Amino acid sequence: MADKGQFEPGYQPKVQHQEAPGWTGKMDPEPEPDHLPTAEGGKELYKAAGKLKGKKAIITGGDSGIGRSIAILFAMEGADSFIAYLPEEEEDAQETKKLVEAKGQKCYCYPTDLKDRVNCKKVIDEALKQMGGIDILINNHAYQMMVENIKDLDEDQWVHTFNTNIHPFFYLSKYALPHMKRGATIINNASINAYIGRPDLLDYTSTKGAIISFTRGLSNQFVSKGIRVNAVAPGPVWTPLIPATMNEEALKNFTAPIGRPSQPSEIATCFVFLASSDSSSISGQTIHANGGTIVSG
């Protein structure tokens, strides 16, 4: 029997491991960046409609996974991107740049460590210099590492996770907003784990809950000014973060109610929607792109 395609119900990625932060080129198979499923379980190229023509977007963690797919789909919709990523992810970033440029848009690469607030300010300054404006801020980057019990969760890991996953969302938003005009959007990448309380990712789950609250509060500050702030809460998605941070048992059970993990392209469509005027009446909300798990909130 032939192997199932990544969009077919019952598809399960091979168990595989990488060092953190993980690289796309080492994944088998590589995630799907710009195709969506057909009704038969096959795939077809994302159909663009010019929804983001002329827009300028900053995307953190834009080198791979969901961030790469966002940059590609944004390019297909007419937007340029400025992607920030860790220096060790340069190879993935250059591939993203090539894929975006193949869609006819510009992609500016900026390696940096966003745990330092000074670097967050530099991201905004450099994006303004390169693109001349900011219409969309995508806070997407994240760190996780599985630990089963709080007694084994190292305090330094707890601090590292918060310094990576939530503090830069504040700094980047604070520094970007003075340059954003009516019609601009901020979209934060949260997680299903904020709603289900995943026990073996306690620090990661806690930061994702903070992101939801940050999204709601910031929306209430700026929605009357015509700047919308929303979040996306993915479930299991096949990205480099998975083989780089999950143990064998978790990888064996890496699926969702739809019968497979989602692909980054399926999450990126939510970011296109929230970045475009199609979602003009939506702010302070979270889209649950989690493969069919029912959650409250």
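Reader: Where is the place of T215?
Author: T215 sits in helix α7, a helix being a DSSP run of H or I with at least four residues, and a strand a run of E with at least two, both numbered from the N terminus. A heads-up: this is a predicted model, where local features need pLDDT of at least 70, side-chain atom pairs count only at pLDDT 80 or more, and totals for chains, interfaces and linings use all residues. Residues are numbered from 1 along each chain as its sequence is written, and side-chain values use heavy atoms, with hydrogens and water left out.

Reader: Why is T215 called buried?
Author: Buried means under 20% relative accessible area, exposed over 50%, partly exposed in between (1.4 Å probe, protein chains only). T215 has 1%, so it counts as buried.

Reader: What makes the pair T215 and N188 a polar contact?
Author: The term asks for N or O atoms within 3.5 Å; within protein, one must be able to donate a hydrogen and the other to accept it, and residues adjacent in sequence count only if both atoms are side-chain atoms. The side chains of T215 and N188 meet at 2.9 Å, so they qualify. The T215 side chain also reaches the backbone oxygen of I211 at 2.8 Å.

Reader: Why is α1 described as largely enclosed?
Author: 12 of its 12 residues are buried, so the rest of the structure largely encloses α1. Among them are G65, R68 and F74.

Reader: What makes β5 and β9 edge strands?
Author: Strands pair if DSSP finds at least two bridges between them. The open sheet runs β5-β4-β3-β6-β7-β8-β9, with parallel pairing, and β5 and β9 each pair on one side only. Two bridges join β8 to β9, so that pair passes. V232 has I287 of β9 as its bridge partner.

Reader: What goes into a nonpolar core, and which residues have the most contacts inside the largest one?
Author: A core is a set of buried Ala, Val, Leu, Ile, Met, Phe, Trp, Tyr and Cys residues joined through side-chain atoms within 4.5 Å. The largest has 34 residues, with I58, F82, V123 and M180 having the most contacts inside it. Apart from it lies another core of 31 residues, A75 and V272 among them.
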